[in-house]
Amino acid sequence: MEGSKQVPSSIKNRALVEKRRQEMIRGAVSLFRDKGFHKTTTREIAKASGFSIGTLYEYIRTKEDVLFLVCDSIYEQVNERMKEVVDTSVPDGAPLEEAVRSYFRLMDDLQEEVIVLYQEVKALPKEAKDYILEKEQEMVAMLEELLACSLPEASRGKISVIANNVFVEGQMWGFRRWILQRNFTLEEYIDHQVSLLLEGVATYR
């Protein structure tokens, strides 16, 4: 499976398909969050998206397709945002810090979608779950590449652990928002996480 283009649609206008699917994603996220994937009906998704059930089935086949589109959209946005700020040709801490800060801010923007993703991804068929895992590994690999430039002496294992830590710490802002967002603003949280990361990076330099 190679992204949302692999979800069949009877509509040939790609721009219209993308527009309708974005509307579908926005409508589905709040429903999946409040009711869960299994208790949400396709009719409810259509209503929340602003069109009829008949129109909905012009753009998807099953409810699982909608969840896949939600998952795929999250990772596409993360991937695009990180590519905007990642420049591994510059071997100093600035690109790393900028990329991490940008990633954390995006996780704040997408915290509802990320929570839905991890709550409901188990409902996807194996092929789609494998695809989502592959996308996640690609994003962690981008962090690993950045860290390898900043920490040329660090072992591959340590680079991998740090990259996975950063990946999860960004998502933790949403997962543990019931306590973290009482005690920190987003920027305070990012400052603390970046400070800890850069302190660790400095020990290798």
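Reader: Is Glu-187 buried, partly exposed or exposed?
Author: This is a predicted model in which local features need pLDDT of at least 70, side-chain atom pairs count only at pLDDT 80 or more, and totals for chains, interfaces and linings use all residues. Residues are numbered from 1 along each chain as its sequence is written, and side-chain values use heavy atoms, with hydrogens and water left out. Buried means under 20% relative accessible area and exposed over 50%, with partly exposed in between (1.4 Å probe, protein chains only). With a relative accessible area of 34%, Glu-187 is partly exposed.

Reader: Which residue forms a salt bridge with Glu-187?
Author: A salt bridge is a side-chain nitrogen of Lys or Arg within 4 Å of a carboxyl oxygen of Asp or Glu. Here the closest N and O atoms are 3.0 Å apart, and the partner of Glu-187 is Arg-105.

Reader: How many residues apart in sequence are the parts that Arg-105 and Glu-187 tie together?
Author: Helices (H or I, at least four residues) and strands (E, at least two) are DSSP runs, numbered from the N terminus. Arg-105 lies in helix H5 (residues 93-109) and Glu-187 in helix H10 (residues 186-204), so the parts tied together are apart by 82 residues.

Reader: Which residues are joined into one network with Glu-112?
Author: The side chains of Glu-112 and Arg-177 meet in a salt bridge at 3.0 Å, N to O. This pair links distant parts of the chain, helix H6 and helix H9 (residues 177-183). Through salt bridges that share partners, Glu-112 is joined into one network with Arg-33, Asp-34 and Arg-177.
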